[in-house]
Amino acid sequence: QGSQDPSSPRFTSIRRTESVSKYLENYARRRIRSESNAGCGVHWTQFFARILSKQKWISNLQCQSNQIYVDCIKKEVCCFPDLLEIRESGGKSVRCWTNHEEILAVSQLDILTLEGGHGVSGVLVTTCGEVVRLEIDNIKSVISVK
């Protein structure tokens, strides 16, 4: 089946220096470590974990029914806000507030002028787990609640 020389090796042995071997081993270890932390392409941040921990199917927190007015979204929510996160179009977090006093002090202008107006969506989570999704239109200077 062709003119293959049976005496020619199929594989060639390549020698490499000790430093190259160590570099490749370290690279492989770092890559395995980073892939194991990736979670199938999902990267968990402190804020995502906090949002998840407040979900009603995970936590047994009772609603306070205080009806707190949050100025930056021009809406009353049932409990104190626990987290306000503003995201870019790709879902990357631009800014996050995790203290209810800071969140209550945030104005719409603070959000609309954030990072040169890159925020396009957001989420506000109350202490009892109510999730308010926000849509931000910087061109019209509007924050609407979904």
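Good morning. Accessible areas are calculated by the Shrake-Rupley method with a 1.4 Å probe, and for residues only the protein chains shown count as cover. On that basis, the protein chain exposes about 10,500 Å², and carbon and sulfur atoms supply 50% of this area.

The model is predicted: local features need pLDDT of at least 70, side-chain atom pairs count only at pLDDT 80 or more, and totals for chains, interfaces and linings use all residues. Residues are numbered from 1 along each chain as its sequence is written, and side-chain values use heavy atoms, with hydrogens and water left out.

Let me turn to the fold. The protein chain has four helices and seven strands; these are DSSP runs numbered from the N terminus, helices being H or I of at least four residues and strands E of at least two. Their order along the sequence is α-α-β-β-β-β-α-α-β-β-β.

Next, the interior. Of the 146 residues, 28% are buried (under 20% relative accessible area, 1.4 Å probe, protein chains only). A nonpolar core is a set of buried Ala, Val, Leu, Ile, Met, Phe, Trp, Tyr and Cys residues joined through side-chain atoms within 4.5 Å. The largest such core has 19 residues, and L84, W97 and I111 have the most contacts inside it. At least two of its residues come from each of β1 (68–70), β3 (81–87), β4 (93–97), α4 (108–112) and β6 (131–137). The largest share, three residues, is supplied by β6. Apart from this core lies another, of five residues, including I51, L83, C96 and V125.

Finally, W97. Beyond its neighbours within four places in sequence, W97 is in contact (heavy atoms within 4.5 Å) with residues including L84, E102 and I111. Thank you.

Methods:
Buried < 20%, exposed > 50% of the residue type's maximum accessible area, 1.4 Å probe, protein only.
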